[in-house]
Amino acid sequence: MRYSTVPFCRQKKEGRNWKKAKAFAAGSLAMPPQGLPLSRMAPLGMLLGLLIASCFTFCLSRQNPEFALTNTEKSSTKETERKETTAEEELDPEVLEVFHPTHEWEPLRPGQAVPAGSHVRLNLQTGAREVKLQDEDKFRNNLKGSKKGKRLNINTNTYTSQDLKSALAKFKEGVETETSKEDKARQAEVKRLFRPIEELKKDFEELNVVIESDMQIMVRLINKFNSSSSSLEEKIAALFDLEYYVHQMDNAQDLFSFGGLQVVINGLNSTEPLVKEYAAFVLGAAFSSNPKVQVEAIEGGALQKLLVILATEQPLTAKKKVLFALCSLLRHFPYAQQQFLKLGGLQVLRSLVQEKGTEVLAVRVVTLLYDLVTEKMFAEEEAKLTREMSPEKLQQYRQVHLLPGLREQGWCEITAHLLALPEHDAREKVLQTLGTLLATCRDRFRQDPQLSRMLASLQAEYQALATLELQDGEDEGYFRELLGSINSLLKELR
């Protein structure tokens, strides 16, 4: 049964109204109106108390629904939640009743589950769901006796322990199962496309194809070069191919291990300039940063033969290759540098530089001298700082008296006059060498008026070029660096 109530006051004013009523009641009881007898005041006070109590009860019911006579919304909400909970429990897949369909359409009741792969439809006439097995379904009805609350298991590929033991025994015995037709066709296709390795080996043997190692190739090339029956073209071709292989450090060491290095060194004595040129070309490639080969070359007399070619009249191309081989032999090899000074190497290079038409060789000679001087300086500094260099090698560097020899042989003036070369790259290398020789040749430089004129002329030239670089936005350009070298050199000579 439902009750309806009419609000006496709003919820926002409940507290205020109650205080007023309470104060009014208290005031009325404490201060009775004058003129009324006590016999009439008692019933009036009881009536007023009942009225206040009713008002208080109604206000509390509006503020807290639990004091209301009825709560229809909450009761209906709880009932709905109970229904939904009941419905969810009924539809829980873990507790559903399993329906076993057949090949005919059968109605499906609410709360029933169907196996995977079943065909379900909605009958539009009756509004009921119907289910049956699919016509092509490979599943069979093996779910009879399923209990409520168990998961469906439709996996029919089960094996007993005996089946597994039998399969393992066949595998150990090496019994092969029958291959399918597809596997046989694939194997036939592979056999048709690819040949066995045995047949390939036989074909290579018939073609006489032999894969040679680098060692075998170098031996063949040395034999071809050293053969008296080989023509000049064949010898040059053999040396040209050999130069490619000796660039590798291991191949260069193999070259002297079977005696090929000495054969090439002896080729420097040939009367043919081309043979000398390409023999020096091979030696220069083999000497580069290869101490073992450098030692063998010194013992084989390569240094003397190279100096003889540079001191005699030879084609410029031959002297280029010989100078290349000499530079490769001297760099980072202080013992060879000692022998070079003893054999008069500085005099040979001085004569080479002073020849007409050898400006290209002059720049290379100056670069070699610069490298040798700075190499000794760096070696001595490294020995002082790190002490990692061997005492024997340091002693060898100290026995190389290169700077005094350069001063005695007149290289101070020769190097200064090379500033007249027109190429900027050549001037740069000459300026570097002059800076290295400054401590040894300072007085010679100051006494040379031609050097002062050249430096002043180059200073003006490179000042203009450096200004153009600044205009192009190059703060640290090439000509600016050259100008700095000239200025520092002029400052030291003042």
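Visitor: Let's start with Glu 476. Is that residue buried or exposed?
Guide: Glu 476 is exposed, as its relative accessible area is 73%. Keep in mind that this is a predicted model.

Visitor: Where does Glu 476 sit?
Guide: You'll find Glu 476 in the loop between α23 (449–471) and α24 (478–493).

Visitor: And which residues form the negative surface patch?
Guide: That patch is made up of Asp 472, Glu 474, Asp 475, Glu 476 and Glu 481.

Visitor: OK, new topic. How many disulfides does a search of the whole structure find?
Guide: The search turns up 1 disulfide. Cys 412 and Cys 441 form it, with their sulfur atoms 1.8 Å apart.

Visitor: Which parts does that pair tie together?
Guide: Cys 412 lies in helix α20 (residues 411–417) and Cys 441 in helix α22 (residues 438–446), so the pair links parts that are 29 residues apart in sequence.

Visitor: Why is the disulfide called left-handed?
Guide: Because the torsion about the S-S bond of Cys 412 and Cys 441 is about -55°.

Visitor: Are those two cysteines buried or exposed?
Guide: Cys 412 is buried, at a relative accessible area of 1%. Cys 441 counts as buried too, at 1% relative accessibility.

Visitor: What about Cys 327, buried or exposed?
Guide: Cys 327 counts as buried, with 8% relative accessibility.

Visitor: Last one: which residues make the nonpolar surface patch?
Guide: Val 190, Leu 193 and Phe 194 make that patch, which covers about 300 Å². Leu 193 belongs to helix α5 (residues 181–193).

Conventions: Residues are numbered from 1 along each chain as its sequence is written. This is a predicted model: local features need pLDDT of at least 70, side-chain atom pairs count only at pLDDT 80 or more; totals for chains, interfaces and linings use all residues. Side-chain values use heavy atoms; hydrogens and water are left out. Patches are made of residues with over 30% relative accessible area and no salt bridge: like charges are joined within 9 Å, nonpolar side chains (Val, Leu, Ile, Met, Phe, Trp, Tyr) within 5 Å. Accessible areas come from the Shrake-Rupley method with a 1.4 Å probe; for residues, only the protein chains shown count as cover. A salt bridge is a side-chain nitrogen of Lys or Arg within 4 Å of a carboxyl oxygen of Asp or Glu. Lys and Arg count as positive and Asp and Glu as negative; His and the chain ends are not counted. The place of a charge is taken as NZ of Lys, CZ of Arg, CG of Asp or CD of Glu. Helices (H or I, at least four residues) and strands (E, at least two) are DSSP runs, numbered from the N terminus. Buried means under 20% relative accessible area, exposed over 50%, partly exposed in between (1.4 Å probe, protein chains only). A disulfide is a pair of cysteine sulfur atoms within 2.5 Å.
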